[in-house]
Structures are given as C-alpha cells and as structure tokens.
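Good morning, colleagues. I should like to take you through a few local features of one model, and I ask that you keep the sequence and the structure in view.

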Amino acid sequence: MVLAALLASLLGATALAAEPEKAADTKGAESANSAMDGSVFLDVLAAEMEAQNGDLGEAFGRMVVTARRTRDEGLFQRAVELAAQARAGDKALAAVKLWRNTLPESSSALRTQLQLLVALDKPGELSEPIRTLIEREPVMDRPGTIASLPRFLNSLADKRRALAITEQALSPYANAAPTRTAVRTALGRMALAADQPEAALSQARRALAEEPSAPGPVLLALELMPKNPAAEALVQGYLARSDALPPVRLAYARALDQQQRIGEAAVQLREVVAKQPDQPAAWLSLGAYMVDLRESDEAIRSLDRFLNLTRNLAPTDKGGEGGQDGEEGDDKHDLQGMIELAYLLQAQAHQQRGDARAAGQWLDKIEPSRVDMPTLTRRASLMAHAGQLAQARALVRDAPARDQPDARTRLLAEAQVLRDQRHWAEAYELLLGGLRQEPEDTTLMYELAMVADRLNRHDDMEALLRRVIALKPDDHHAHNALGYSLADRNIRLEEALGLVQKAAKLAPHDPFIVDSLGWVEYRLGHREEALKLLRRSHLARPHVEVAAHLGELLWVTGQRDEALRIWREGRAREADNDVLQETLTRLQVKL
C-alpha cells in the first residue's frame with residue numbers, strides 16, 4: 001500500500017500540493033543506493049513476514065532498526081507505512097523523526113513528517129518542518145510552496161492555531177520581495193478559514209499595495225466577498241488595470257453569479273469574450289445570462305458562437321453511447337451536456353422572441369434518449385402556447401425523461417405550465433391536491449401560496465407562507481414573499497419590513513430581496529434609501545418587475561426621463577408583465 005493511502009487509513013492524509021514531483025521521491029531509486037547484504041535482506045524478509053502474519057508492531061520495530069543501521073530511505077519509508085497500517089500514529093511519527101535525524105538532508109523524510117503531523121492534527125510541531133521545507137526550495141520555487149500551504153493545512157481542526165503556527169513559520173519570508181505576496185495571500189486564506197475575514201482582507205490589501213498586478217490577492221478577495229463585501233473593491237480595482245488577467249475576470253463573473261448578480265456578471269463576461277473570443281464556456285455562460293435577462297438576440301448570438309466553437313469537438317456518437325471510459329469519456333459527456341444545454345437555451349431564447357417554430361427545431365436536436373425534465377417542460381411550454389394545453393400537461397406528467405423525475409417534480413412542472421398560461425385556478429387545484437398528499441412539503445406550500453396571491457386569496461397565501469416559515473425558519477423565499485405582499489398592498493408596513501429584513505439576513509445578496517427592501521422603504525416614505533436599494537437590485541439583475549419599481553420611484557421624484565428609459569428597457573424584455581402594466585396604468589404613463 002502506498003504511503004498516501006496508509007495515511008488516509010490512519011486519519012485522512014493530506015498531500016502537499018506544491019511540486020508533486022518532489023513530494024514523493026520514488027522508493028526504488030532511493031533503495032537502489034543502499035547495500036542490501038545478506039543479513040539486511042534477512043532482517044527485511046523477517047519484518048515483512050511478521051507484517052503478513054499480522055504482527056505489525058514487531059515488523060515495525062525490526063524495520064526501524066534495520067533502516068537506521070543501513071541509512072536506507074526506502075526502509076525508513078516502509079517502517080512509517082507499517083506504523084500507519086497498525087494505526088500507530090505516534091510510532092509513525094517517531095520513525096520519521098529518526099529518519100530525519102539519520103538523513104538530515106532527506107526531502108522525503110521532511111515531506112513525510114509534514115504529512116503525518118497534519119494527519120495526526122499536531123499543529124504545534126509544524127513550524128520547523130514548514131520553515132525547513134521552504135528554506136530548501138530554490139528561491140524561484142518558494143512562492144508556489146508557500147501558496148500551497150493553506151490547502152495542505154486545511155484539515156487541521158484548530159484553524160486559529162494553524163494560522164499562528166504558519167505566521168511563525170513564514171516570518172522570515174514575509175518581507176522578502178520574491179515571497180511577500182505569496183506569504184500575505186497564504187496567511188489571508190488561513191485567516192479566512194479561521195473565520196477572521198477582517199484579518200484576511202487586511203492581508204489582501206497589503207499584498208496588492210505592494211504588488212498591484214498580482215492575481216493571488218485578488219482571488220483571495222473573491223473568496224472573501226460573501227463574508228466581507230468590502231473585498232469587492234480590491235477585485236474591481238485590479239480589473240480596472242489594463243494588464244488584468246481574463247481568468248480573474250471570469251472568476252469574478254462566477255462570484256457575481258453565486259450572488260445572483262446576473263446583470264453584473266454578464267458585463268464581466270462580455271469583457272472576457274472580447275479579449276478571449278475562443279472560450280466556449282464563456283460564450284455558453286453569457287448566453288445563459290442573456291436568456292435569464294430576456295435579452296434574446298444577444299443570447300442567440302452568444303449560443304451560436306459557443307456551438308460554432310464546439311462543432312469540431314462535439315461527440316460523434318449519439319445518445320451518449322460509444323463505450324468511452326476514464327477522463328476522455330467524462331470530458332466527452334460533459335461536452336455533450338453543454339451542447340444540449342445550449343440547444344435548450346436556444347429554444348428558450350427563440351420562444352422569448354416569439355419564434356415557436358425555431359424553438360421546437362432546437363429542441364429536436366436533443367436525442368430522445370437524452371431528453372430530461374427541463375427539456376420536456378420547455379416542449380410543453382411551446383405546446384401550451386400553441387393552444388395544446390391538455391397535451392402539454394400530459395407530456396410533463398407521463399413522458400419518459402433521462403433524469404427520472406419523481407411525481408412531485410412532474411406535478412410542479414405541470415403547475416408551471418398552467419401558470420405560464422395564466423390558468424391560476426387550475427394550477428391552484430393541482431398544487432392543493434399535491435399538498436394534500438404531502439402536507440409537510442414546504443415547496444408545494446410556497447408554490448401554492450404564489451398562486452393564491454394571483455387569485456387574490458391573500459389570507460390563504462399568508463397562512464401558507466407562515467406555515468412554511470414555521471416548518472423551515474431559514475426559508476428566505478417565504479419571508480421575502482410575505483413581506484413583499486404586505487408592502488405591495490401597502491398594509492402592516494413595519495411587519496413587512498421585519499420580514500424582508502429577516503430574508504436579507506438569510507440571503508444578503510439576493511437581488512429580489514434587495515428589491516423588496518427598496519419597495520418597503522418606498523412604501524414607508526424613505527425615498528432616498530429606497531432609491532439606493534432599487535438601483536442596486538436593478539444593477540444586479542434588471543428584471544422587469546424591478547424596473548417597474550425603480551421607474552415608479554424615479555417618476556414620483558421627478559426623474560422622469562430616467563424612469564421612461566428604465567420602463568422601456570423592461571418592456572423590451574417582457575412586454576406583457578403584469579406588474580409593469582399595472583404600474584404604467586396606475587401612473588397614467590404611455591411609453
């Protein structure tokens with residue numbers, strides 16, 4: 001058994017990430033240098049026979065004595081393995097310390113000691129071997145080794161002590177020009193792991209002040225964004241530079257996506273594809289964002305570009321068959337899934353544009369054996385819009401799907417088909433029937449509440465949402481929906497504010513919750529705060545209902561040209577949106 005596997009069986013080993021070719025010197029090459037005379041051979045054979053017979057303690061002792069006598073790297077490593085097999089961590093550690101004392105220059109001994117100390121969760125003994133490891137590296141390789149430390153040390157239980165030990169070990173390199181950026185970035189990541197986001201941000205700021213073009217501290221700032229929003233300024237400052245690396249911009253787009261800030265993520269992706277137009281994944285992501293934002297023309301162009309770039313890479317076998325194994329097969333199936341997603345998004349974009357025929361043709365490109373529930377739902381939506389509602393409902397209820405959806409998933413899809421066609425009463429009865437079968441299902445409760453709201457059954461909606469909150473107190477959607485409904489009806493505004501504020505604590509970056517906060521503040525008469533929140537929401541995700549709210553506030557505060565522009569942009573995305581139409585009618589505005 002190899003050493004990594006033995007350490008994993010001991011306590012879960014961690015392999016040092018930097019320079020893997022150095023991390024495990026080959027045992028055979030080391031052993032070749034030793035003199036395996038007859039007595040040594042007999043001692044090793046006896047130890048192995050003892051191990052085979054289950055007497056790992058005797059085998060370990062004999063192997064350690066023989067390794068020390070012969071100064072043989074391979075025998076020392078074998079002794080450590082035997083101790084690990086016996087789950088004798090202290091013996092393994094004693095053997096590796098003896099190994100280092102006997103062969104002080106051995107890199108294998110040093111790295112094995114580090115792996116053992118982490119596996120045994122002994123941070124107090126890590127400082128010296130970490131420092132020695134870095135000292136032995138060529139100067140140009142030290143930043144890479146330092147950068148690998150946070151991941152290597154991540155399994156240590158006491159994160160704060162691990163941070164303190166690493167600070168001590170890296171102190172000689174903290175101010176040296178070749179290593180200072182790597183040190184600050186590594187310490188920042190460890191501070192973040194130790195739940196010290198302010199300290200982590202301080203390290204990132206200092207690193208960028210010393211080396212503004214370094215991407216490492218920027219990636220640290222990206223990791224910090226969910227816990228410390230101030231870190232985003234560092235990312236934006238770096239990306240304003242002409243030498244900013246496209247992969248960092250792509251990582252920022254992903255971070256924005258995780259915060260549901262789709263509008264801002266799309267801006268970053270446009271920059272990425274402008275500088276690196278041959279990146280298929282970036283085009284696919286941009287196309288998906290544009291579909292979400294209902295920018296159908298740009299969505300279609302982006303998805304076309306993705307499909308053109310992947311045409312020569314596309315899998316030749318249909319339906320995912322062909323017997324591919326290993327990484328090549330996995331990559332092939334990943335690509336096939338991406339292409340099928342592009343087909344589905346193309347169908348959605350063409351449907352948004354009113355071209356049902358083209359949308360259906362895109363869905364036809366997905367092989368029958370590869371059709372999943374999202375594809376069935378899109379097909380059903382096209383059928384329903386063509387007046388075939390009964391057939392659409394039957395499709396999502398009964399048609400086979402590759403992802404084998406359960407009855408609940410099919411019911412929710414059928415309800416969505418009815419909601420898209422504004423058949424609110426039928427959707428209500430369908431969801432109510434599902435809830436009777438599963439009375440504690442909070443998803444069904446929430447969806448039923450949303451339909452009840454459309455039917456102006458506000459008491460039912462409120463009772464359902466309160467039941468969701470009682471069963472699932474951390475459901476930010478339920479808190480937000482109830483608070484928004486109260487604010488929209490201009491009743492119990494202080495209660496509405498409390499509900500939406502609770503939702504914001506649970507999901508602070510959700511742009512729809514930010515919109516709700518802005519709408520409550522507007523209803524309360526706090527126009528300045530409302531404007532700030534609604535602008536933030538619209539920037540993050542310029543949904544038509546957010547546009548309706550922001551436009552109304554701009555209109556009543558005299559900023560009418562901007563209000564008209566915002567409304568027109570919203571109408572271009574979704575002309576028949578009820579909230580926008582109600583707002584324009586109530587304010588007697590014609591666009």
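**Glu264 and its surroundings**

I begin with a side-chain pair: Glu264 and Arg261 make a polar contact through their side chains, at 2.9 Å. A polar contact here is a pair of N or O atoms within 3.5 Å; within protein, one must be able to donate a hydrogen and the other to accept it, and residues adjacent in sequence count only if both atoms are side-chain atoms.

Before I continue, the model is a predicted one, in which local features need pLDDT of at least 70 and side-chain atom pairs count only at pLDDT 80 or more, while totals for chains, interfaces and linings use all residues. Residues are numbered from 1 along each chain as its sequence is written, and side-chain values use heavy atoms, with hydrogens and water left out.

Glu264 belongs to helix 17, residues 262-275. Helices are DSSP runs of H or I with at least four residues, strands are runs of E with at least two, and both are numbered from the N terminus. Is Glu264 buried or exposed? Its relative accessibility is 14%, so Glu264 counts as buried. The cut-offs are under 20% relative accessible area for buried, over 50% for exposed, and partly exposed in between, with a 1.4 Å probe and protein chains only. Leaving aside residues up to four places away in sequence, Glu264 touches Leu256, Leu539 and Ala540, where contact means heavy atoms within 4.5 Å.

Glu198 is exposed, at a relative accessible area of 55%. Its side chain makes a polar contact with that of Asn228, at 3.2 Å.

I turn now to helix 7. Its 14 residues, 89-102, should span 20 Å at 1.5 Å a residue, and the end C-alpha atoms are 20 Å apart, which agrees. The expected span is 1.5 Å times one less than the number of residues. Among the buried residues of helix 7 are Gly89, Ala92, Leu93, Val96 and Trp99.

How does helix 7 meet helix 8, residues 107-119? Their axes come within 9 Å and cross at roughly 155 degrees. Helix 7 is therefore roughly antiparallel to helix 8. On the helix 7 side the contact includes Ala92, Leu93, Val96 and Trp99, and on the helix 8 side it includes Ala109, Thr112, Gln113 and Leu116. Axes are lines fitted to C-alpha atoms, for helices over the stretch in contact, and angles run from 0 to 180 degrees between N-to-C directions. Angles under 35 degrees count as roughly parallel, over 145 as roughly antiparallel, 65 to 115 as roughly perpendicular and the rest as oblique.

Another pair is helix 24, residues 407-420, and helix 25, residues 424-437, which pack at about 165 degrees with axes 8 Å apart. Helix 24 is thus roughly antiparallel to helix 25. Leu411, Ala415 and Leu418 of helix 24 are among the residues making the contact, as are Ala427, Leu430 and Leu431 of helix 25.

Arg87, which is not a glycine, has a positive phi of about 55 degrees. Arg87 sits in the loop between helix 6 (73-85) and helix 7, and is exposed at 56% relative accessibility. Asn490, also not a glycine, has a positive phi of about 60 degrees. Asn490 is placed in the loop between helix 28 (476-488) and helix 29 (493-506), and is partly exposed, with a relative accessible area of 43%.
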